[in-house]
Amino acid sequence: GIAQDMLRVAMDYAAKNNSQRITAFSIEMSAAADESEDSLRFHFEYLSRGTIAEGARVDIVRVSVRASCLDCANEFDFDTDHSACPRCHSQRVRPLPQDEFKLTSIDVE
């Protein structure tokens, strides 16, 4: 569903701008996302067959999960290996809401 939604957004954009071809997708993927980069690329490849996006490059950048300390309100990049607040060392932290996947740009011709 994620790749399908991103492809639909890109196709709509390309149609509105009279683009003949989509050559690349740039995607940010949260470190907390369960899906693998290879799986997401596979789905794009499969879903784009026969469309103006067929053969488009899929660039994926993993982004860290942001968290907030419930004791000192510090916001920081959450690391599961070091889940304490780097400022006050509290273990009382919570992940901040964020999209697991974000289509940041597309390249069109």
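This is a predicted model: local features need pLDDT of at least 70, side-chain atom pairs count only at pLDDT 80 or more; totals for chains, interfaces and linings use all residues.
**Figure 1. The open sheet of three strands.** The strands are arranged in the order β2-β1-β6, and their pairing is mixed. β2 (57-63) and β6 (101-108) are the edge strands, each pairing on one side only. From one strand to the next, the twist averages 15°.

**Figure 2. Strand β1 and its pairing with β2.** β1 comprises residues 22-30 and runs parallel to β2, to which it is joined by seven bridges. Within this pairing, Ser26 stands opposite Asp59 of β2. Ile27 has Ile60 as its bridge partner in β2.

**Figure 3. Strand β1 and its pairing with β6.** β1 and β6 run antiparallel and are joined by seven bridges. Here the bridge partner of Ile27 is Leu103 of β6; in β2, the partner of Ile27 is Ile60. β1 is mostly covered, with seven of its nine residues buried.

**Figure 4. Helix α1 on the sheet.** Helix α1, formed by residues 2-16, lies across β1 and β6. The direction of α1 makes an angle of about 35° with β6.

**Figure 5. Helix α2 and the β-α-β unit.** Helix α2 (residues 37-48) packs on the sheet and touches β1, β2 and β6. The directions of α2 and β2 make an angle of about 150°. Together, β1, α2 and β2 form a β-α-β unit that is right-handed. The two strands of this unit, β1 and β2, run parallel.

Note on methods:
Residues are numbered from 1 along each chain as its sequence is written. Side-chain values use heavy atoms; hydrogens and water are left out. Two strands pair if DSSP finds at least two bridges between them. Helices (H or I, at least four residues) and strands (E, at least two) are DSSP runs, numbered from the N terminus. Axes are lines fitted to C-alpha atoms, for helices over the stretch in contact, and angles run from 0 to 180 degrees between N-to-C directions. Contact means heavy atoms within 4.5 Å. Buried means under 20% relative accessible area, exposed over 50%, partly exposed in between (1.4 Å probe, protein chains only). A crossover is right-handed if, with the strands pointing away from the viewer, the path from the first strand over the helix to the second runs clockwise.
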